[in-house]
Amino acid sequence: MQLSEIDSHFEADLQAVDSAEALEALRIRYLGRGGALAAARDQVDFRSLAPEERKEVGQTFNRVKTRIEEAIAGLKETLGAGAATKDLPAFDVTLPPVARPPGTIHPLIATQIQVEDIFHSMGFRVFQGDEAVSEYDNFDAVNIPGDHPAREMQDTFWLENGDVLRTHTSSMQNRAMRELGVPLRAIFPGRCYRAEATDATHENTFFQLEGMYIDREVSVANLIAVMKHLLMAVFQSEIDVRLRPGYFPFVEPGFELDFRSSVVGDNLRWIELMPCGMIHPAVLREGGVDPEEYSGFAFGLGLSRLAMLKFGIPDVRLFNKGDLRFNEQFVATF
């Protein structure tokens, strides 16, 4: 085959290639040692040519070789891409796109974010803790020794290493006092666990938020002011609060805080919301704080309970079911 014929023959052969194997055979036929291009070169007696003719013939051979190499490389890439996708299912480009509904924040997390922002505005910091804690942090450090009746009330899930899944975020009180020091304003939000029967208002896994305010001359009046500001900001309404005596091992005196508002129920119905009180001197001493010099208050706010009131959710178990129909109700809310 003459050099002048190689281009036209190659183009025709290239059009017939439909596989990687056929393409490799085409490459060998034209570019191999015994291929068409090598045979055409052997037919030329370069020694008999003048220098200018020799140069022109050599450049012509190189142009043809380069054109063939580029064409083979381009088709090889095309065949490779086709092989990678030939097993994929057919895609109908005329179909409408799959709708992607907007996401949402779970009502519990939304409530936690809002409460954290409110406490930030009052100078509190968020102190994160572990969900699996020592028996000391969960019980002994907050004035609940081994023989205390409250242990039975808060029976929970024990791990093989002796740690416990925390029954309340009060388990962070001792660590916060020792690691952050005093004066102290901090909240500890998170998930808690208790081995108890479930119903519309009780769940074995729930969210809680503990808070502490320790400084010189802190009083019950400070506790009431902080709680009232919190609830007014959450419900965006005027709030009445009251304290009833309540017993909790880590506070003395201890209270149950109730509130009422036209936004939740009616102005005449008091709603029990959170235990609270002045931090027990034994708890302060256990955290390395002198109760003769400092005082403070602590409270345990049920975030699950607060979210139920805020959004009118009738059953606490709905939070943990993972039902998208429940979550999607709150898309417009956030």
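Is E217 buried or exposed? Keep that in mind during this tour of a predicted model.

**Stop 1**

Select the strands β1, β4, β5, β9, β8, β7 and β6. Listed that way, they follow their order across an open sheet of 7 strands. The pairing is mixed. Now color the two edges, β1 (125–126) and β6. Each of these edge strands pairs on one side only. What holds neighboring strands together? Strands of a sheet pair through backbone hydrogen bonds, either parallel or antiparallel.

**Stop 1: the β6–β7 hairpin**

Zoom in on residues 240–245, which are β6, and residues 251–260, which are β7. The two strands run antiparallel, and 6 bridges join them. They form a hairpin, with 5 residues between the strands. Select D240 next. Its bridge partner in β7 is R260.

Stay on β7 and pick P253, which is found in this strand. Look at the peptide bond that leads from E252 to P253. This bond is cis, with omega near 0°. For background: most residues other than glycine have a negative phi, and most peptide bonds are trans.

**Stop 2: across to β8**

Which residue of β8 is the bridge partner of L257? Select M274 to see the answer.

**Stop 3: helices on the sheet**

Show helix α5, residues 107–121. α5 packs on the sheet and touches β1, β4 (184–193), β5 (205–215) and β9 (295–302). Compare directions: α5 makes an angle of about 5° with β5.

Then show helix α9, residues 220–235. This helix lies across β6, β7, β8 and β9. α9 runs at about 30° to β7.

**Stop 4**

I105 lies in the loop between α4 (51–85) and α5. It is partly exposed, because its relative accessible area of 38% falls between the 20% and 50% cut-offs. An α-helix has 3.6 residues a turn, so residues three or four places apart point the same way.

**Stop 6**

Go to P183, in the loop between α8 (173–180) and β4. Which kind of peptide bond joins V182 and P183? The bond is cis, with omega about 0°.

**Stop 7**

Select E217, in the loop between β5 and α9. Here is the answer to the opening question: E217 counts as exposed, because its relative accessibility is 75% and the cut-off is over 50%. Check its backbone as well. Phi of E217 is near 60°, a positive value in a residue other than glycine.

Now move to Q236, in the loop between α9 and β6. Phi of Q236 is positive too, near 50°. Q236 is exposed, with a relative accessible area of 66%.

**Stop 5: helix α11**

Finish at residues 303–311, helix α11. Which residues here are buried? Select L303, S304, L306, A307, M308 and L309. These residues of α11 are buried. Then step to G312, which follows α11. The phi of G312 is positive, near 70°.

Note on methods. Residues numbered from 1 in each chain as written. Predicted model: local features only at pLDDT ≥ 70, side-chain atom pairs only at ≥ 80, totals over all residues. Heavy atoms only, no water. Pairing = 2+ DSSP bridges. Helix = DSSP H or I, 4+ residues; strand = E, 2+ residues; numbered from the N terminus. Contact = heavy atoms within 4.5 Å. Axes fitted to C-alpha atoms, helices over the stretch in contact; angles between N-to-C directions. Buried < 20%, exposed > 50% of the residue type's maximum accessible area, 1.4 Å probe, protein only.
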